[in-house]
Amino acid sequence: MAKGLGSFGGATLERSKLDTKQEVKTQEPRVDNSGGGGNNGKNIFNGGGGDGDDGDDMIISMNSVTQLYTKEAIDAVLQEWFRTVTDLPAIIRQSVQMGLFSSAQLVRFLSMDVRPNVTRAVTRTMPPAVSRGVVGRLMADPAFVQKMLVEQVISISSSLAWEARQRGENFTKELDLVAINTLSVAASTGALVWLIAPNRSYGAVHKFPWQNMLQSMPNNLFDASTPYRQFSIGNRAASLVVKSAELCAVGSIAGAAMSGLSQLAVNLRQQRNPSFTPSVPVPDLAKSTAGMGMYMALSANLRYQAVSGIDRGMFDHCNVLWMYLGCSSAVRLCNNLVGEATRRWLQGIPTHSPALLQQRAPIAVAPAPVAQAKRRKPVKSSKKKRGAGNKGFEMSAGVHPAAA
């Protein structure tokens with residue numbers, strides 16, 4: 001430090017102490033799934049609690065979390081999971097490189113793929129096209145597998161309950177017919193859920209232009225748009241028509257299989273026992289095919305479109321997976337109860353089987369013999385005896401007054 005500076009004065013310099021400490025700034029990447037201050041983290045579906053209010057995970061948030069598609073957010077997620085883009089499976093690697101995957105969707109995939117589980121084993125053993133479809137649906141809806149299982153349990157249980165109620169004592173004797181009907185219903189329900197579920201699979205290369213056109217459409221009317229895939233009203237309306245055609249084809253195949261296989265099983269039984277008659281009549285092939293196709297294209301399509309809209313609303317506002325799945329399961333149960341009666345009516349399946357009506361018919365009781373009425377004695381007519389008075393009258397009538 002300089003003291004007494006002047007024309008002849010000297011200057012004294014003091015050297016400051018050398019500070020060898022180096023300030024290190026740490027910066028943690030912030031992505032959309034991590035906890036945030038001010039009650040932001042608890043509103044994120046996959047993330048932890050925030051700094052301000054992290055204990056109330058049962059609150060339903062009315063605002064959905066914005067998904068990040070920037071390269072910085074994707075890199076931050078990969079670094080957090082100690083992964084690189086080259087470590088990702090080929091079915092989603094191209095989509096991640098192109099920025100079609102959001103950070104939240106990538107976290108969902110890594111959460112599923114990093115731990116050994118049934119879903120990871122299934123997706124790794126399936127063909128690439130099917131695996132891409134499964135992963136894409138899981139990215140759009142983390143509860144897709146659970147919803148598929150719930151739908152299968154509901155459809156199989158309701159079908160078995162109806163078969164047991166209609167066949168009565170012959171239920172165990174006609175297990176082949178029961179299995180054919182139940183498996184046909186389960187297969188059609190699985191295809192319906194698969195086709196209507198939202199999908200986030202990208203990067204598939206198609207040979208024909210119409211395939212690319214179908215891929216650009218949403219799977220349901222209420223499918224959410226993304227920054228790289230915007231759905232207009234025209235696309236959504238066209239999607240409804242396309243799904244009707246697809247479900248009509250699926251329903252026709254299921255109805256034909258149900259009727260054809262049931263008739264084949266009945267013929268095999270009648271070869272061994274010519275007097276065999278099924279408890280529930282087998283529907284006609286043409287009516288079953290047309291009825292099932294109409295049911296899938298109209299009734300089931302519209303109902304499951306509405307269910308998808310309800311699911312999207314709950315997904316955007318519920319931050320607890322089990323609550324979201326429980327509400328969705330209740331809606332699907334009510335949906336099944338409404339749809340099964342319509343399906344049987346369109347297929348021509350009788351509501352009440354002849355065997356069941358025969359079992360429920362009241363036992364005819366012979367009428368009691370009517371007691372013969374006692375014969376009543378004939379009532380004698382009260383006629384006055386015409387005795388001597390009549391004779392006297394005649395005698396008097398025979399005497400002429402002149403003679404007297």
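Which residues are linked in a network of salt bridges? They are Asp141, Lys147, Glu151, Asp311 and Arg332, and we will come back to them below.

## Before you start

This is a predicted model, where local features need pLDDT of at least 70 and side-chain atom pairs count only at pLDDT 80 or more, while totals for chains, interfaces and linings use all residues. Residues are numbered from 1 along each chain as its sequence is written, and side-chain values use heavy atoms, leaving out hydrogens and water.

## The overall picture

The protein chain has 13 helices and zero strands. Helices here are DSSP runs (H or I, at least four residues), as strands are (E, at least two), and they are numbered from the N terminus. Of the 404 residues in the chain, 37% count as buried. Buried means under 20% relative accessible area, exposed means over 50%, and partly exposed is in between, with a 1.4 Å probe and protein chains only.

The accessible surface of the chain comes to about 25100 Å², and 61% of it belongs to carbon and sulfur atoms. Such areas come from the Shrake-Rupley method with a 1.4 Å probe; for residues, only the protein chains shown count as cover. Among contacts in the chain with a separation of 6 or more, 69% are between residues 24 or more positions apart. A contact means heavy atoms within 4.5 Å.

Helix H3 (residues 103–113) is largely enclosed by the rest of the structure, because 10 of its 11 residues are buried. Among them are Leu106, Val107, Phe109 and Leu110, and also Arg108 and Asp113.

Helix H1 (residues 71–80) has buried residues too: Ala73, Ile74, Ala76, Val77 and Leu78. Just after H1, Phe82 takes a positive phi of about 55°.

## H7 beside H9

Two packed helices are described by the angle between their axes and the distance between the axes. Helix H7 (residues 175–196) packs with helix H9 (residues 233–272) at an angle of about 170°, and their axes are 9 Å apart. This makes H7 roughly antiparallel to H9. The contact includes Leu177, Ile180, Val185 and Leu192 of H7, along with Leu247, Val250, Met258 and Leu261 of H9.

For these values, axes are lines fitted to C-alpha atoms, for helices over the stretch in contact, and angles run from 0 to 180 degrees between N-to-C directions. Angles under 35 degrees count as roughly parallel, over 145 as roughly antiparallel, 65 to 115 as roughly perpendicular and the rest as oblique.

## Charged pairs

Side chains of opposite charge can pair when their charged atoms come close. The structure holds 10 salt bridges, each being a side-chain nitrogen of Lys or Arg within 4 Å of a carboxyl oxygen of Asp or Glu. Asp311 and Arg332 meet in another salt bridge, at 2.6 Å, N to O. Asp311 lies in helix H10 and Arg332 in helix H11 (residues 321–347), so this pair ties together parts that are 21 residues apart in sequence. Asp311 and Arg332 are both buried.

Being three residues apart in H9, Glu246 and Lys243 are separated by about one helical turn. Glu246 is partly exposed, at 26% relative accessible area, whereas Lys243 is buried, at 7%.

Pro283 sits in the loop between H9 and helix H10 (285–317). Pro283 is buried, with a relative accessible area of 12%. Leaving aside residues up to four places away in sequence, Pro283 touches Ser259, Ser288, Gln347 and Ile349. Pro283 and Arg344 are 61 residues apart in sequence and 9.6 Å apart in space, C-alpha to C-alpha.

Leu333 of helix H11 is partly exposed, at 42% relative accessibility. Leu333 and Ile154 are 179 residues apart in sequence and 6.7 Å apart in space, C-alpha to C-alpha.

Phe208, Trp210 and Met213 make a nonpolar surface patch of about 330 Å². Patches are made of residues with over 30% relative accessible area and no salt bridge, with like charges joined within 9 Å and nonpolar side chains (Val, Leu, Ile, Met, Phe, Trp, Tyr) within 5 Å. Trp210 belongs to helix H8 (residues 209–215) and is partly exposed, with a relative accessible area of 49%.
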